[in-house]
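This report concerns a single protein structure.

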Amino acid sequence: MNETNTNLQAAPETVRLPMLTLRGLCVFPEMLLNFDVERPISVAALNAASEGERVIFLLTQKDITKELPTKDDLYTVGTICYIKQLLRIPGGGIKVLVEGRKRARLKDIISDKSFFLAEVEPIDEPAPPKITAKTEALIRKTVSLFDQYAAMTGHISKEAVVSIFALTNPGFIADFIAQHLFIKPEKKQSVLETIQPVKRLQRVCDILARELEILDIERSIEEQLRSRLERQQRDRVLREQLRVIQSELGEAVDSDSEIDEYRERILALRLPEETEKKLLKELDRLEKQHASSSEAAVLRTYLDTCLELPWHTYSKERLDVKLARKILDEDHYGLEKVKDRIIEYLAVRKMTGKNSGTILCLVGPPGVGKTSIAISVARALNRKLARIALGGVHDEAEIRGHRKTYVGAMPGRIIAAITQAGTRNPLILLDEIDKLGSDYRGDPSSALLEALDPEQNAHFRDHYLEIPFDLSDVMFITTANTTQTIPRPLLDRMEVIEIGSYTDMEKLQIAKNHLIPKQRKKHGLTGRQLRITDEAILEIIAGYTRESGVRRLEQEIAAICRKTAMKIVAGEEKAVTVRAGDLEHYLGARKFRPERVAGKDEVGIVRGLAWTSVGGETLDVEVAVLEGTGKLELTGNLGAVMKESAQAAVSYIRSRAARLGISPNFNKECDIHIHFPEGAVPKDGPSAGLAIAIAVISALTGAPVRRDLAMTGEISLRGRVMKIGGLREKTMAALRAGVKTVIIPAENLPDLEEIDQTVRNALCFVPAEHIDDILNVALDFSAAPPKLKATQQESKHEEPHLPLLPEKSDGGGDVTSSIRQ
């Protein structure tokens with residue numbers, strides 16, 4: 001034994017050695033291993049060891065991706081090795097050849113700065129056991145398995161296999177075989193950590209048996225794959241030879257029977273003369289084509305598509321008005337206008353026996369039930385439903401189909417929907433029609449004009465079919481969030497039914513009658529296992545959702561159902577009753593705080609009302625008047641329309657400055673800053689002029705604005721208050737904010753019929769034709785500076801004004817009861 005080995009025998013119980021961590025490798029005692037070293041900390045460990053007695057401790061990492069492993073990332077048992085050869089390579093790396101000497105256990109890492117210095121405890125190899133019959137049998141079995149493994153893989157030299165046949169030391173045999181196996185490092189490490197020789201050999205024997213089984217399966221799969229590929233190649237050659245022979249003889253296999261079958265199907269349909277003539281012409285073209293040509297494949301696809309259409313298949317329509325109304329009421333709460341229109345359609349259909357050709361367009365914010373009402377209509381009429389999502393469609397060919405001369409051509413979505421439904425009179429739902437796009441490929445909205453026009457769709461021609469198909473029996477229902485982005489010609493062909501936002505009471509009924517039973521069933525709960533009180537539902541609506549519809553409300557109810565199911569399965573509860581005070585446990589902290597009316601009347605702040613895609617919102621307008629040179633500054637991420645409204649409001653105030661008690665030169669002496677809070681949110685629309693004008697007048701006069709009042713309306717340069725839209729949603733927002741009085745344009749008085757009765761009873765509406773009509777309603781001139789009071793007193797003789805409104809209306813069911821005349 002060399003001097004190094006002598007030094008190891010004389011070593012104390014623990015020694016300190018440079019440590020090199022291995023990635024994906026494992027070295028065994030008395031075995032040679034060469035590998036490349038590139039990590040700086042590993043190179044430094046090799047340099048430190050080579051400068052001493054060339055002894056180093058090699059230990060395998062658990063995770064090979066770690067560049068700088070900690071003690072927890074390393075196995076505990078490694079090998080003390082002797083460095084036999086070092087070869088430095090360009091780039092700073094080293095090729096190293098080491099010889100394993102002895103197993104050792106890592107006790108601690110002394111230093112990890114420039115390189116790992118480890119304190120290790122050498123593990124003495126037990127003396128070779130007495131060779132019993134069982135041990136001899138295990139050695140023979142393991143060596144035999146290793147011989148088979150080497151033969152199957154071909155990666156191990158014959159000399160390496162022969163060299164272990166005469167060995168009798170089970171520990172050395174186990175280490176030798178484990179070093180040469182191509183297995184995962186975890187398995188090699190388990191062999192290294194097994195100290196007892198016979199157990200180590202048994203472990204290697206088990207690994208070999210497992211690897212041979214896997215290799216046998218791999219070989220079987222490889223043979224099957226090779227056999228399949230050879231068979232496919234043979235079949236391809238035979239088919240090509242048969243094709244050449246048929247071409248030489250001018251024959252086609254089964255071509256006559258295929259043509260006859262197509263001809264029988266075309267004639268059996270008894271199609272219109274033009275359609276039948278076209279299909280027979282295409283069939284004649286197919287008959288002249290070679291059976292395997294690409295043109296023949298295109299013609300077969302075309303004929304199959306045409307023949308799959310439901311030319312004479314109808315769904316038996318249900319025209320029972322009472323039953324239809326019952327189904328609609330079961331599926332949806334409210335939506336009376338939509339339900340009445342569907343019942344009217346059924347009544348006309350029953351009286352005339354013909355389709356009225358009406359195209360319904362359901363317009364409303366997201367989540368109010370537009371798509372689901374169409375599904376319910378299909379169920380009520382006993383019609384098949386086909387849904388076409390139009391959002392983001394830019395290509396006209398998506399609607400009318402591609403010309404069949406193009407590769408991959410197919411029919412448009414309308415014909416595909418009819419084929420999918422399998423009947424000639426389905427209900428086709430055109431979803432998100434307001435989100436159609438257009439580009440260089442055409443305008444899909446123009447392509448829809450023919451399909452949705454009752455005067456034209458009886459002869460609808462798809463570009464792929466090239467034959468007319470009657471769409472007059474199809475019932476079309478479209479949905480949209482707004483009509484502003486729908487092209488006017490397309491909008492004229494549809495009957496628009498607006499579905500507004502739900503009130504809190506409507507959402508409560510929808511949740512109780514539809515959403516909660518649906519989610520309970522979906523989550524496997526019964527009514528006894530989960531109960532949600534009305535107060536809890538209203539708290540969810542107010543504190544956890546802010547939407548026009550009920551989509552988010554359903555998601556929050558689903559979250560409660562999931563947590564309830566978890567409690568029941570875990571055995572914590574048998575039944576759960578969710579009350580308003582329990583919601584933070586189920587849904588977390590409240591997401592939305594209720595809007596509050598200010599504690600006092602303030603100068604220059606007016607609460608406006610705005611319409612958004614998710615319903616109505618209150619929108620404060622803040623105005624500050626500063627000494628300056630007459631600049632008008634607008635902030636709050638405003639659009640062009642709102643900027644023009646602000647300029648018009650200031651121009652109107654300049655024209656009425658004397659009557660309002662404002663200095664005629666205020667536009668030269670003062671800077672006016674108009675701000676809309678929440679500057680990150682873009683704002684635009686023609687309904688903020690009235691609120692801006694009142695806020696500026698308040699800031700200039702010092703008269704405070706009533707805190708319990710909100711308003712909406714646009715004004716002209718002459719001060720005329722003009723009509724606005726979205727009144728239903730805006731008044732709901734005012735009610736949620738605690739407002740008592742709402743100023744609206746006089747032209748919007750008829751729209752109050754559409755407002756929910758609960759909102760009408762709670763609010764007092766003030767109609768305004770001119771801004772002068774509502775100055776004394778909105779502003780408290782009694783709190784203005786003395787000079788302004790005198791001016792206002794003098795102006796009483798010029799033009800009467802309205803007295804202030806009471807705090808609360810005593811209105812009842814009649815619309816006019818809540819209007820200040």
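## Basis of the model

The model is predicted: local features require pLDDT of at least 70 and side-chain atom pairs count only at pLDDT 80 or more, while totals for chains, interfaces and linings use all residues. Residues are numbered from 1 along each chain as its sequence is written, and side-chain values use heavy atoms, with hydrogens and water left out.

Helices (H or I, at least four residues) and strands (E, at least two) are DSSP runs numbered from the N terminus.

## Helices α22 and α25

Two packed helices are described by the angle between their axes and the distance between the axes. For helix α22 (residues 640-655) and helix α25 (residues 689-701), the axes come within 9 Å and cross at roughly 45°. The pair α22 and α25 is therefore oblique. In this classification, angles under 35 degrees count as roughly parallel, over 145 as roughly antiparallel, 65 to 115 as roughly perpendicular and the rest as oblique. Axes are lines fitted to C-alpha atoms, for helices over the stretch in contact, and angles run from 0 to 180 degrees between N-to-C directions.

The crossing of α22 with α25 is right-handed. A crossing is right-handed if the near helix is turned clockwise from the far one by less than a right angle, and left-handed if anticlockwise. From α22, Met642, Ser645, Ala646, Ala649 and Ile653 meet Gly689, Ile692, Ala693, Val696, Ile697 and Leu700 of α25, where contact means heavy atoms within 4.5 Å. By class, nine of the residues in this contact of α22 with α25 are nonpolar, two are polar and none is charged. Ala, Val, Leu, Ile, Met, Phe, Trp, Tyr, Cys and Pro count as nonpolar, Asp, Glu, Lys and Arg as charged, and the others, Gly among them, as polar.

## Helices α3 and α5

The axes of helix α3 (residues 133-153) and helix α5 (residues 170-180) come within 11 Å, with a crossing angle of roughly 15°. Helix α3 is therefore roughly parallel to α5. The crossing of α3 with α5 is left-handed. On the α3 side the contact is made by Thr135, Ile139, Thr142, Val143 and Phe146, and on the α5 side by Pro170, Ile173, Phe176, Ile177 and His180. Seven residues of the contact of α3 with α5 are nonpolar, three are polar and none is charged.

## Cysteines

The structure contains zero disulfides, a disulfide being a pair of cysteine sulfur atoms within 2.5 Å. For Cys81, the nearest cysteine sulfur is that of Cys26, 9.7 Å away. Cys81 has 0% relative accessibility and counts as buried; buried means under 20% relative accessible area, exposed over 50% and partly exposed in between (1.4 Å probe, protein chains only).

The sulfur of Cys205 is 19 Å from the closest cysteine sulfur, in Cys26, which is too far for a bond. Cys205 is likewise buried, at 8% relative accessibility.

## Individual residues

Asp534 lies in helix α19 (residues 534-543) and is partly exposed, with a relative accessible area of 31%. Its C-alpha atom is 9.2 Å from that of Gln509, 25 residues apart along the chain. Leaving aside residues up to four places away in sequence, Asp534 touches Leu508 and Lys512.

Most residues other than glycine have a negative phi. Glu466 has a positive phi, near 65°; Glu466 is in the loop between β10 (460-461) and β11 (468-469) and is partly exposed at 30% relative accessibility. Asn637 also has a positive phi, near 60°. Asn637 is found in the loop between β18 (632-635) and α22, and its relative accessible area of 38% makes Asn637 partly exposed.
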